[in-house]
Every structure is written in C-alpha cells, then in structure tokens.
Amino acid sequence: MRALVVDHSEAGPVRFADVDEPVPSTGEALVEIRHICLNFGELNYVHQWPAGAVHGHDAAGVVVRAAADGSGPLEGTRVAVGMAPHAWAERVAVSPASLGTVPEGVDLADAAALGIAGVTALRVLRKRSVLARNVLITGASGGVGHFAVQLAALAGARVTALVGSPERVAGLRELGADRVLTDLAGTGDRFDLVLDTVGGPLVAQAWSSLAEGGTLHLVGYSSGQESTFPSGALFGFGEPRSIATYGDMTPTGGEMTDLLGLMAAGRLSAPVGLRGDWQGVDDAVRALFARKVHGKAVLDVA
C-alpha cells in the first residue's frame, strides 16, 4: 500500500513509498484512511522519527475490520484517528483507545483536523476552571490556537488571541475571541491562564503578563527561538505563578469523542485552512513552513 514515510534527506521531510499492509493485533481495528492532517511539529522535527517509518498521527476514515477482541467500533464506522502513530497511509491498525466515532453531520475531513491540535487545546483548558477568567492564546491563528479560542470561549473565559501579524487576525473574533492582538506590549492586562504555542521571547512577555496564581502552559515552540528571562523576572510576591510543560501522549479516544460531539452540535468548527490531495503533500508542507496556512492542512487520500 502507499504511505508517506519519514525522509531525512534534503528532499524530505516525507516521501511516498510502498509499505507492507498493517497487521492488526487482536485489540486493534483496521481503518481505511480517507483524509490525513499535517502538523507543523511532526514535519519540522522529523529527525525525531526513524527514516522510512510511516509518519503522521492525525487522520480520519472508515473501519474495514473491527478489533478481533470485540472492543471498539464496528466495521463500517466512520472514525477519527487522534495522536496515533503511522496514520499517513492508505490503511492503519489503531487501538480503539485512539479512535473517536464521527457523528452524522460531521465531515470526515473536518474530523481529521482534530487530533493533536484539538486534544492539546482541550487538555490544557481542562487543567483549571476558566469561567469568567482572562485567558491568552498565543499563535491563535494556528491549529491549536483556533481550537483553543473556541473552547476557552465555550468555557466562559474572556479570551485574548495573539497573532504574529495583522494578516492573521481574520476570523478569530467570530470564533469567540474578545480581543485580537498582534503585540502584548502595553496591554496592561493580567491573564489567569496562557496557552503558548510560539515559544521564544514571547514566553518572557507572557510571564510578565501573568496574574497571581496564574499558569503559563507551554505547548509548542513554533518560533524556533530561545526563551530567556530578564534578571529577577522569576521572582515575585503574592500567590505563586507557574510554568507548565505539555507532553501528554496518553490515549485520546475520550477527548476525541467530546470534541466530535461539540462539532456535531455546531459548537466547534474545524479550522481547515488548506485542503487538497495528498499527492500535493510537498506543496502543503511548504505552505505550512511559510506560515501561509491559517489553521490546519487536510489532505484527501486518493
């Protein structure tokens, strides 16, 4: 079968290859993939995976063989694959713990966009109540950011969205942002929770805007720059502030089900900013790296 595999050469980060058909264990379903979703991190840091391995974690398709042990969805069920390895192939063997059943009325392509971005946003925002609290989402025009703005607004937060340029402002107020900024300087606001996907110098800026008792969650470093703090910046009086890292790789089925339910109810939309055929994966990767995609890149598997 055809798959996108890790390519460490200059032509990478991925290439098409013919690979062996997956052989599901008794506790895995065989899913025919219809759509895959690209993530900046897994493409930009491709050297963390072995060359030649089927790449990718997010996709959606149809169960063509249910798990032999009777667990998980039945044959013919539409499913979204979330944060499961080796997902960018025509077929994949997946544990039901990493699958979410796609409800009627939810497009499979939109479901494919959830995965890493949607689950990350949901897990961070569930760390504490954000009802009537000030929440800052950095990199808000990206995949995680689009979901985080919507979910924070649904939870009753006062949402500030931060983007890198005026061109990336469009649509964020409609998703639930109360304010959209291109610079934190001079805001004077204090945030109870910051979800940061950018890293670099912005981390110190966000820390200086954190309220007493607030938490700065680091979920990405798309800037690729170092984060440094001025002398004395990490000292303070009052209720302690904290910095939290993120790397939760536990099964995502529960969160995927919750997110798909919100989509079916019309309360959450998928931020698909690029849609095409997976034969055009090289163009899609270049668009992601050039920051030309607002939201997620979803490709149809021919």
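The side chains of Arg-168 and His-294 are joined by a polar contact of 3.4 Å. The model is predicted. A second polar contact, of 2.6 Å, links the side chain of Arg-168 to that of Ser-141. Arg-168 sits in the loop that runs between strand 9 (158-162) and helix 5 (172-175). Arg-168 is buried, yet no salt bridge is found for this residue. The nearest side chain of opposite charge belongs to Glu-167 and is 8.0 Å away. A salt bridge would need a side-chain nitrogen of Arg within 4 Å of a carboxyl oxygen. With residues up to four places away in sequence left out, Arg-168 touches Ser-141, Val-163, Arg-291, Val-293 and His-294.

Arg-291 is placed over the face of Phe-40, 4.5 Å from the ring centre.

Aromatic pairs were examined next. The structure contains 4 of them. Phe-40 pairs with Phe-289 in an edge-to-face arrangement, with 5.7 Å centre to centre and 85° between the planes. Phe-40 belongs to helix 1 (residues 40-44) and Phe-289 to helix 8 (residues 281-289), so the pair ties together parts that are 249 residues apart in sequence. Phe-289 is partly exposed, and its relative accessible area is 35%. Phe-235 and Phe-237 form another aromatic pair, also edge-to-face. Here the centres are 5.3 Å apart and the planes make an angle of 80°. Phe-235 and Phe-237 are both exposed.

Definitions and conventions: Residues are numbered from 1 along each chain as its sequence is written. This is a predicted model: local features need pLDDT of at least 70, side-chain atom pairs count only at pLDDT 80 or more; totals for chains, interfaces and linings use all residues. Side-chain values use heavy atoms; hydrogens and water are left out. Helices (H or I, at least four residues) and strands (E, at least two) are DSSP runs, numbered from the N terminus. Buried means under 20% relative accessible area, exposed over 50%, partly exposed in between (1.4 Å probe, protein chains only). Lys and Arg count as positive and Asp and Glu as negative; His and the chain ends are not counted. A polar contact is a pair of N or O atoms within 3.5 Å; within protein, one must be able to donate a hydrogen and the other to accept it, and residues adjacent in sequence count only if both atoms are side-chain atoms. Contact means heavy atoms within 4.5 Å. Rings of Phe, Tyr and Trp (its six-membered ring) pair if their centres lie within 6.5 Å; planes under 30 degrees apart count as stacked, over 60 as edge-to-face and the rest as tilted. A charge sits over a ring if NZ of Lys or CZ of Arg is within 6 Å of the ring centre and within 35 degrees of the ring normal.
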